[in-house]
Amino acid sequence: MFKMIEEYGHECVISTCDKKTGLKAIIAVHDTTLGPALGGTRMWNYDSEDAALYDVLRLSRGMTYKNAAANLDLGGGKAVIMGDCKKIKTRELLEAYGRMVESLGGSYITAEDVNTSVADMAVIRTQTAHVAGMEGLSGDPSPLTARGVYQGIRAAVHAKFGTDDLKGMRFALQGLGKVGYDVCRRLTADGAVGTVFDINAAAVERAAAEMGVHPAEGSILEQECDVFVPCALGAVISAENAGRLKCRIVAGSANNVLVDNAAGDALANLDILYVPDFIINAGGVINVAGELDKDGYDQAAVLKKVDAIYDTVSAVIKTARTHGMLPYMAAEKLAQDRINAHKA
Ligand SMILES: NC(=O)c1ccc[n+]([C@@H]2O[C@H](COP(=O)([O-])OP(=O)(O)OC[C@H]3O[C@@H](n4cnc5c(N)ncnc54)[C@H](O)[C@@H]3O)[C@@H](O)[C@H]2O)c1
């Protein structure tokens with residue numbers, strides 16, 4: 001355990017086991033160089049304590065890069081609560097968790113994540129002020145995540161094809177959920193031509209009726225297009241299946257869309273431009289972070305920062321080209337450079 005914490009460079013990792021409420025949780029504060037560590041609380045029925053620890057260490061380090069690259073004055077952290085949310089989630093458990101967050105004195109700020117909601121945050125808020133993503137303030141992050149993804153796609157299209165005009169650009173979009181549906185709407189509004197797939201057939205039908213997109217025939221991965229837009233699950237592209245893609249760009253909201261770094265290598269070898277997930281899907285966290293602004297949540301300022309994802313994606317692609325590195329490495333370099341500059 002300590003080996004991994006040392007290797008990842010975490011500042012602090014705490015765990016708790018509260019007999020009364022059944023709370024078993026780990027909070028990992030990875031880096032607070034740029035500010036308090038912001039990252040959501042995930043509730044998941046992990047197979048083992050090791051699996052939970054691995055997840056929280058990996059995710060919290062990811063938040064450091066995500067927040068730094070998004071130009072937020074925030075560090076990276078994450079928390080996991082172990083257990084089946086349908087069985088363990090009680091008001092008392094969330095309150096006990098709130099006290100755990102409070103014990104870190106503000107070095108960690110939590111928000112919603114997988115299996116935790118805005119309503120859960122309101123309960124946690126009764127025990128600690130170090131919570132963001134509250135109802136009536138930043139609210140649902142999805143529309144702003146979609147706005148950022150749209151900006152990132154525009155930047156990638158510009159870098160690859162030398163134009164900002166999306167008219168006639170062909171995209172294949174996987175996952176018409178809260179983010180994907182909105183990305184699809186934005187792209188078609190600009191005249192792009194879409195092929196879509198979702199395991200929820202009703203979402204596909206609705207998108208076809210409302211936006212004139214085409215339901216995919218065959219695998220969505222294999223559609224002939226300019227941009228593949230993954231907005232469903234992670235681990236969609238591997239070194240083995242990358243060759244099935246018939247696109248020039250991969251850019252979408254899905255977290256951890258590449259199975260591993262070998263998948264990134266495979267895309268580069270096929271001359272497919274991959275826009276790193278944590279750069280392009282930062283609109284949601286930028287929105288949540290808006291609540292922490294000392295002058296209060298200012299939507300206009302937040303929108304400006306989300307639209308700047310266009311510039312961040314452009315900078316990542318430029319760095320990757322200049323240094324001959326893969327885009328995800330360029331993205332991490334951008335984030336690390338910002339952290340190092342702050343330390344200096
Ligand atoms: N919501 C946000 O603000 C946000 C922020 C950052 C990253 N993300 C990531 O973006 C992705 C989408 O998030 P969301 O909030 O829209 O989720 P969502 O649950 O609203 O939508 C996901 C959609 O994908 C569909 N889906 C699931 N498996 C599929 C498959 N195998 N093939 C095709 N479609 C499938 C679901 O039916 C659903 O419509 C996730 O990976 C999420 O982690 C979301």
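**Ground rules.** I count residues from 1 along each chain, as its sequence is written. Since the model is predicted, local features need pLDDT of at least 70 and side-chain atom pairs count only at pLDDT 80 or more, while totals for chains, interfaces and linings use all residues.

**Domains.** I looked up how the chain is divided, and found domain 1 (2-64 + 73-124) and domain 2 (142-282 + 311-337). Such bounds come from an automatic or database domain assignment. The C-alpha centres of the two domains lie 29 Å apart.

**Ligand.** Next I checked the 24 residues around the ligand, where Thr145, Gly175, Gly177, Val179 and Gly284 come nearest. Near here goes by the C-beta atom, placed from the backbone, lying within 6 Å of the molecule. By class I get 10 nonpolar, 12 polar and two charged residues. Nonpolar covers Ala, Val, Leu, Ile, Met, Phe, Trp, Tyr, Cys and Pro; charged covers Asp, Glu, Lys and Arg; the others, Gly among them, are polar. Helices H6 (142-161) and H7 (178-189) each supply at least two residues of this shell, and H7 gives the most, with three. My helices (H or I, at least four residues) and strands (E, at least two) are DSSP runs, numbered from the N terminus.

**Ile27.** I found Ile27 in strand E2 (residues 23-31). Why does Ile27 count as buried? Because it has 27 C-beta neighbours inside 10 Å. The cut-off for buried is 20 or more other C-beta atoms within 10 Å of the residue's own, with 12 or fewer for exposed and partly exposed in between; C-beta atoms are placed from the backbone. Leaving out residues up to four places away in sequence, Ile27 touches Ile14, Gly77, Ala79, Met100, Leu104 and Tyr108. Contact means C-beta atoms, placed from the backbone, within 7 Å.

**Strand E10.** In E10 (residues 227-230), Val227 and Val229 point one way, Phe228 and Pro230 the other way, and all are buried. In a regular strand the side chains alternate between the two faces of the sheet. E10 pairs with E7 (residues 170-174) in the parallel sense over four bridges, and Leu173 stands opposite Val229. E10 also pairs with E11 (residues 249-250) in the parallel sense over two bridges, with Ile249 as the bridge partner of Val227. Pairing takes at least two DSSP bridges between the strands.

**Helix H14.** Last, I looked at H14 (residues 327-343), whose buried residues include Pro327, Tyr328 and Leu334. Among the elements covering the buried residues of H14 are helices H2 (49-69) and H13 (309-323).

Key
Contact = placed C-beta atoms within 7 Å.
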